[in-house]
Amino acid sequence: MSVWEALAIQQTLSVNEIKNAYAKQLKNCRPDIDPEGFQVLHRAYKEALRIAHEQNELNSKSSRDSEQVYIDNSKLVDEPLKVTENQEVEKTIGSVAYTEKLNQEYQNYTRIITEVLKNTKTRNDISQWKFLFKSDCILDPQFNEELGLFVIENILAINNDFQNLTRHKKRYSLPDATVREETVRYLDTIFYWRGKVQNLRYYFGDDDTVKILNMLDEYDQNIDEISAIKSVKGGEVKEKASQRVDEARAFSEARDALGELKNITYFTHGIGILVLLFSINTLMEKQVPSEIAFSSTFFILFIIQLVGVTIKNRYILYTMWPTSCLLLFFFPIGTFLGVRMGLCLSRGLKYFRYAR
Amino acid sequence: MAIIGIDLGTTNSTCCAWKGNELLKIPNALNSFLTPSVVGIDDHKTIIVGQTAKERLLTHPDKTVAVFKRLMGSDHKVKIASNSYSAPELSSIIIRSLIEDAETHLDEKVTEAVISVPAYFNENQRAATKLAGELAGVRVRRLINEPTAAAMAYGLNRRQEGTFLILDMGGGTFDVSILEYFSGVMEVHASSGDNFLGGEDFVQAMIDDALVKLNLRKEELTSKENHLLYLQMESLKNRIDQVDRETLQIQVGDEFVDFKVSQQWFSTTITPLLLRVRTPIQMALNDAGMHAQQIDEIILAGGATRLRQFRSMVAKIFGRLPFCDIDPDTVVGIGAGIQAGLLEKNRALDDIVLTDVCPYTLGIEVVDENGKPGQFLPIIERNSIVPVSIERRVYTTQNDQKFLMIKVYQGENRLVEKNVFLGFVNVPVPKSKAGIESVRVRYSYDMNGLLVVDVTVESTGKIFNKVIENAPGMLSDAEKQSSLKKLEKLKFHPRDDQKNAQLIAKGDRLYTSSLGEVRNQIAMAISNFERVLEKQNKVQIERAQKEFSDYLEELDKEGHF
Ligand SMILES: Nc1ncnc2c1ncn2[C@@H]1O[C@H](COP(=O)(O)OP(=O)(O)OP(=O)(O)O)[C@@H](O)[C@H]1O
Ligand SMILES: [Mg+2]
């Protein structure tokens with residue numbers, strides 16, 4: 001079905017016609033009664049609008065191009081935005097006095113900002129920035145934007161200077177040598193750089209823009225929750241996690257535990273290998289008979305296993321399986337060695353007695 | 001059998017119905033259209049709602065609670081008197097009292113309701129609102145977004161076509177919606193908002209600043225003193241335009257400290273909050289693909305938009321004054337009432353169709369190419385028109401993987417941990433090589449802004465859909481039943497006695513907040529009034545009510561509380 005079929009009209013560039021057709025069709029497939037039909041119709045409607053806008057744009061552009069020659073110079077003079085019933089606002093917002101006030105405040109603010117930023121003691125102190133709220137100029141979008149650019153430019157300068165220091169110098173510099181992320185994040189609530197990425201790119205280039213955005217990327221959801229609890233009046237708020245949340249949490253904990261498990265595996269295997277190395281070492285130096293070295297190694301591994309079973313620690317049990325295999329494999333040899341060890345001991349004991 | 005429209009606000013709730021060919025605003029037992037969203041328990045263990053409970057916040061902070069809408073969709077409970085209640089339970093108490101008002105006024109049974117929610121409420125918060133309705137014993141036919149409701153009220157009132165931007169700042173939430181009205185179609189283009197910005201935050205900012213300047217901490221004040229300070233600031237905020245300079249006397253222990261306030265101080269204090277208004281406006285404009293100049297009219301709803309500072313901020317952004325000729329407190333309720341009428345297929349409304357959008361991106365958690373978990377895969381993009389249904393396929397990532405865990409999230413960050421968790425389902429899949437087994441995840445988002453997730457295992461064809469039941473703050477059927485039982489047992493304060501109860505509660509509050517000679521006078525007036533009540537003579541009571549109420553009103557104005 002074509003776009004126009006869905007709307008049940010002939011192809012048209014008239015936005016009004018499209019809208020009317022859509023409104024008419026909509027009565028037959030209301031979103032709450034016929035969701036699928038509605039989706040189809042709505043998609044057709046949007047597409048038709050897009051086509052119409054695109055064509056109209058093209059047409060008007062070509063006609064504008066041809067008209068260009070005749071444009072009357074007088075029209076290029078800045079006209080006041082528009083005359084509406086809201087003259088009260090226009091009087092204040094567009095007026096010369098208002099613009100003058102903004103200019104004056106801008107000079108004033110940039111001076112204070114430079115001072116606050118220059119001083120390492122004040123630049124990261126949030127309360128020092130409160131002067132920004134003193135006048136309602138900060139609420140003016142253009143004023144706010146320009147001042148924001150001024151601030152971030154200076155912050156970038158300070159932080160980049162620091163980055164360019166040698167390692168040695170960096171280490172011995174003061175804690176407030178840079179403008180900290182918290183400060184930038186706080187200032188972002190005033191200047192809203194996050195929402196003006198294109199602007200930042202235009203003025204500061206990609207590298208610095210990324211730097212700014214990285215500083216802003218922290219967002220703590222808990223803050224909302226804390227403020228929700230704080231704003232409840234009366235009563236006593238009790239935090240109670242439901243069982244299902246616990247379950248969900250248990251799943252993610254299990255995932256973390258898996259990571260932990262790996263660490264423990266490395267740990268126990270590490271011990272096993274150390275013990276083995278130790279016994280080989282003693283063997284080489286022939287200080288202890290080989291039987292004793294080997295069998296005591298297995299004995300230690302066996303004890304670890306035993307401990308695992310008795311205290312029912314699943315980590316030890318899980319992670320010891322390679323060593324248990326080893327133990328099983330060497331068990332016959334182990335027993336044999338054990339017997340030898342017994343003999344050895346008795347011989348040693350004999351020797352001991354003999355020496356006495 | 002009637003359907004009513006309910007505006008369940010952070011600070012105030014209202015209720016409207018469509019009857020015959022017109023909209024009826026429904027007054028409560030105290031004959032007011034606004035019922036404060038406050039719930040309390042009185043000394044006889046009966047439930048009190050609204051203005052009476054609000055008065056008792058100062059005198060009985062442990063038995064009363066307000067501003068609980070912000071806890072919707074979380075697992076927190078609030079203890080009042082000796083019982084704990086969840087936010088949906090508390091809301092259901094408010095809804096129940098509104099329904100009672102409607103039944104008395106309409107003289108018929110109310111079985112269904114349309115409830116308004118902030119457009120920027122997430123899934124958990126919406127589900128909690130629906131639950132609140134069910135706990136109050138009505139079927140929730142529709143959740144309607146607050147700014148959309150406001151726009152309906154305006155659209156119907158003026159029948160003017162064009163593109164509107166609605167700013168709704170109430171007690172606790174701020175919403176922005178852009179919508180277009182033409183030939184009986186009301187189409188929402190985009191919604192955005194801030195769930196933690198409203199009148200209450202302005203008051204909190206004032207309190208915080210005052211405490212800092214006075215070198216005090218909140219914990220150093222008793223709960224009574226804290227609340228007194230709150231009342232002082234709230235009242236100051238609402239009459240700030242008439243204030244030039246003034247000295248507040250703030251009670252700290254047995255002493256009073258002076259605190260100088262002025263309009264300048266107020267503006268400075270709330271400016272950081274006002275600045276937060278820009279973000280959602282910008283987002284909504286971007287998502288709708290529009291410029292500020294393309295908006296024909298800016299419409300205000302919600303009590304906090306009465307602030308001159310707010311209006312001038314809006315004027316600065318758009319270069320013109322916003323529009324507000326319907327009472328901002330009830331405009332959302334009116335819209336909800338219209339929606340209720342639409343659902344009843346009322347003739348007068350037959351020619352209106354409403355389409356809305358989903359304000360958040362909805363998706364699932366996936367692993368990225370490097371095997372790093374915690375990545376967010378969007379399924380429904382924000383501001384898609386609803387109802388909408390979209391499917392995506394996800395694959396196993398490990399050899400012999402036995403389960404595929406589908407975790408549902410909502411939000412705009414690329415990492416799931418920074419988005420809102422909505423629920424999960426663990427789907428068993430046949431063992432196979434990594435990337436062979438797959439499941440289809442279908443997200444369907446309906447007109448209420450409620451999400452349904454269906455997970456189909458490709459190779460076995462099995463379908464799983466118990467996902468959202470696992471969300472935080474949601475109840476299983478058994479839990480719902482027990483909650484219903486608990487709420488059913490509650491006794492409500494008798495309706496015909498509410499006026500008297502409210503007057504006495506107000507008297508108590510004024511007594512607590514004043515001192516010396518005035519105090520004795522108030523005590524005297526209260527006990528006189530109580531004596532008249534005991535006599536149970538209707539005529540006398542009415543006269544005494546009037547006198548007592550006038551007297552208290554007078555005091556209230558003088559005391560600025
Ligand atoms: N004259 C006024 N000046 C400033 N603020 C006011 C004024 N009157 C009311 N408010 C504020 O408006 C808020 C209540 O508005 P409203 O009743 O619209 O909110 P709500 O609908 O309960 O909340 P929400 O829609 O956020 O859930 C309160 O915070 C109140 O302080
Ligand atoms: Mg509201």
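Strand 25 (residues 438-445) and strand 26 (residues 451-457) of chain B run antiparallel and are joined by 7 bridges. Within this pairing, Ser444(B) has Val452(B) of strand 26 as its bridge partner. The coordinates come from a predicted model, and the description below should be read with that in mind. The two strands belong to an open sheet of chain B, in which 4 strands follow the order 22-25-26-27 with antiparallel pairing. At the edges of this sheet sit strand 22 (388-395) and strand 27 (463-464), each of which pairs on one side only.

Pro387(B) occupies the loop between strand 21 (384-386) and strand 22 of chain B, and the peptide bond leading from Val386(B) to Pro387(B) is cis, with omega near 0°.

Attention now turns to the contact between the chains. Chain A contributes 63 residues to the contact and chain B contributes 76 residues. The size of an interface is often expressed as the accessible area lost when the parts come together. Here, chain A and chain B bury about 5800 Å² between them, and 57% of that area is on carbon and sulfur atoms. Across the contact there are 17 residue pairs in polar contact, counting pairs with both residues at pLDDT 80 or more. On the side of chain A that touches chain B, the residues divide by class into 26 nonpolar, 13 polar and 24 charged.

Side chains of opposite charge can pair when their charged atoms come close. Between chain A and chain B the count is 5 salt bridges, while the count over all chains is 44 salt bridges. One pair that can be examined in detail is Glu187(B) with Lys46(A), whose side chains meet in a salt bridge at 3.7 Å, N to O. Glu187(B) lies in strand 14 (residues 185-194) of chain B and Lys46(A) in helix 3 (residues 35-67) of chain A, so this pair joins two chains.

Finally, the surroundings of ligand 1 can be described. The ligand is surrounded by 21 residues, of which the closest are Thr10(B), Thr11(B), Asn12(B), Lys69(B) and Lys237(B). From Asn12(B), a backbone N or O atom lies 2.8 Å from an oxygen atom of ligand 1. Glu146(B) places a polar side-chain atom 3.3 Å from an oxygen atom of the ligand. For Arg306(B), the polar side-chain atom lies 3.1 Å from a nitrogen atom of ligand 1.

Conventions
Residues numbered from 1 in each chain as written. Chains lettered and ligands numbered in written order. Predicted model: local features only at pLDDT ≥ 70, side-chain atom pairs only at ≥ 80, totals over all residues. Heavy atoms only, no water. Contact = heavy atoms within 4.5 Å. Buried area = accessible area lost by both parts, 1.4 Å probe. Salt bridge = Lys/Arg side-chain N within 4 Å of Asp/Glu carboxyl O. Polar contact = N/O pair within 3.5 Å; in protein donor to acceptor, adjacent residues only side chain to side chain. Nonpolar A, V, L, I, M, F, W, Y, C, P; charged D, E, K, R; others polar. Near = heavy atom within 4 Å. Pairing = 2+ DSSP bridges.
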